[in-house]
Amino acid sequence: MQNKMKMELLAPAGDLEKLKIAVLYGADAVYIGGEAYGLRAKAKNFDIDTMAEGVKFAHDHGVKVYVTANIFAHNPDFEGMADYFKAVEAIGVDALIISDLGVFSVAKEAVPNMEIHVSTQANNTNYKSAQMWYKLGAQRVVVARELSMKEIRQIRDSIPEDMEIEAFVHGAMCISYSGRCLLSNYLAGRDANKGACAHPCRWKYHLVEETRPGEYMPIEENERGTYIYNSKDLCMIEHIPDIAKAGIYSLKIEGRMKTPFYVGTVVKAYRQAIDDYFADPKLYEEHLPYYLAEVSKASHRDYTTAFYYGKPDGNQQVYTNNSYIREYDFIGMVQEDWNEETGFAWVEQRNKFSVGEEIEVMPAQGDSYAMKVTEIRNQNGETVASAPHPQELLQVKFEKPVKKFDMLRKRPSDVK
């Protein structure tokens, strides 16, 4: 319903750790996948026990949990589906995200009192389909990424007031319409519409003439080939006012396969942007460079606004490579709250860092700040010069209090 809160910030959670980070760093809701029926089969996902733990943690912090069930089902997929939905409802999940009409019908029969959100996979491009989903019992529609602000506003004006609109505002863009892609299934035998996408849109391509096998001709002026399907990443953090005017209620961040650092960084930046905008639009305008700088500290491709302001042209693609821009490395996560007496806190190392280096502390709440690493101890309490081993537990001395799930980052040596 539009009057529940000004906007909902909806974050991805590929596992329990990422769910907790999304919650602590400012999400209003998270979306997760169970062990079946979702479109991220390669994510760690949640069994019923970890899902129950995640739901409890989220609800204890006033955050909602939505579970994806957005595959396009084949006949065998319906076996056990009703029981799964009942189990999900029993542990307190707030909504199901569904794209297939058959799956929708099973959910309505098995869990008639549960909210259903219609996935972007259902190609929600017009108000008539939104109206129809509402009549069938859907609470929310996730609009297709191919819509403009104007089209979304027209949908908002044409649907019941208590039906919500959700839209992607940040993250990777799929090459195919609303994510309904055949490339992976055809080229790699992995069905994107059942959660096993091999991401062939990120592969490098050359043109080969039929009678001259082995002669690879560049499709554009680059002898290394071209990434003809490789889209820039969506970023709408500089357009919160237009999102609000369009009537979008839930701002969705893509990325259940992303790192905890990505989730925390992006969620925190959007939380600050949304809060600033609703507190004072002038404050939001003043902070625009800061928001963009913060989201850019997570690995990303070049940014685009995609379809929001008209049809994309060739400038929305990255033809020369499929690599990410990494301006900062994720180097550690605090595992226990700061010890006031010693000044140390336990940190799980994620990338190497050393005594004498300047790093940034990114707390879940409050401003990030720079500090110099002055002392590191290993698990035996011995002083060491660096943290070279992946996921090693270390004691790090901090200048200020830190809490569990606060993150550490630094600029790589080759980034100025």
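How many cavities of 30 Å³ or more does the structure hold? There are two. The model is predicted.

## The second largest cavity

The second largest cavity has a volume of about 50 Å³. Its lining includes Val-143, Ala-144, Arg-145, Leu-147 and Ile-152. Ala-167, Phe-168 and Met-173 also line this cavity, as do Leu-234, Ala-306 and Tyr-308.

By class, ten of the lining residues are nonpolar and one is charged. No polar residue takes part in the lining. Arg counts as charged, so the charged class is where Arg-145 of the lining belongs.

## Charges over rings

Arg-145 and Phe-168 both line the second largest cavity. Arg-145 lies over the face of Phe-168, at 3.7 Å from the ring centre.

Lys-258 sits over a ring too: its charged end is 5.0 Å from the centre of the Tyr-262 ring.

## Aromatic pairs

The count of aromatic pairs comes to nine. One of them joins Tyr-284 and Tyr-291. Their ring centres are 5.5 Å apart, with 25° between the planes. Planes under 30 degrees apart count as stacked, so this pair is stacked.

Are these two tyrosines buried or exposed? Tyr-284 is buried, with a relative accessible area of 1%. Tyr-291 is buried as well, at 0%. Both values are under 20%, which means that both residues meet the cut-off for buried.

## The ring cluster

Tyr-284 and Tyr-291 also belong to a cluster linked by ring pairs. Tyr-277, Phe-278 and Tyr-290 are in this cluster with them.

Key:
Residues are numbered from 1 along each chain as its sequence is written. This is a predicted model: local features need pLDDT of at least 70, side-chain atom pairs count only at pLDDT 80 or more; totals for chains, interfaces and linings use all residues. Side-chain values use heavy atoms; hydrogens and water are left out. On a 1 Å grid over the protein atoms alone, a cavity is a set of points where a 1.4 Å probe fits but cannot get out, and a pocket is an open set with protein on both sides within 12 Å along at least five of seven lines; lining residues have an atom within 4 Å of a point. Grid points are joined across faces, edges and corners, and a volume is the space filled by probe spheres set on the points. Rings of Phe, Tyr and Trp (its six-membered ring) pair if their centres lie within 6.5 Å; planes under 30 degrees apart count as stacked, over 60 as edge-to-face and the rest as tilted. Buried means under 20% relative accessible area, exposed over 50%, partly exposed in between (1.4 Å probe, protein chains only). A charge sits over a ring if NZ of Lys or CZ of Arg is within 6 Å of the ring centre and within 35 degrees of the ring normal.
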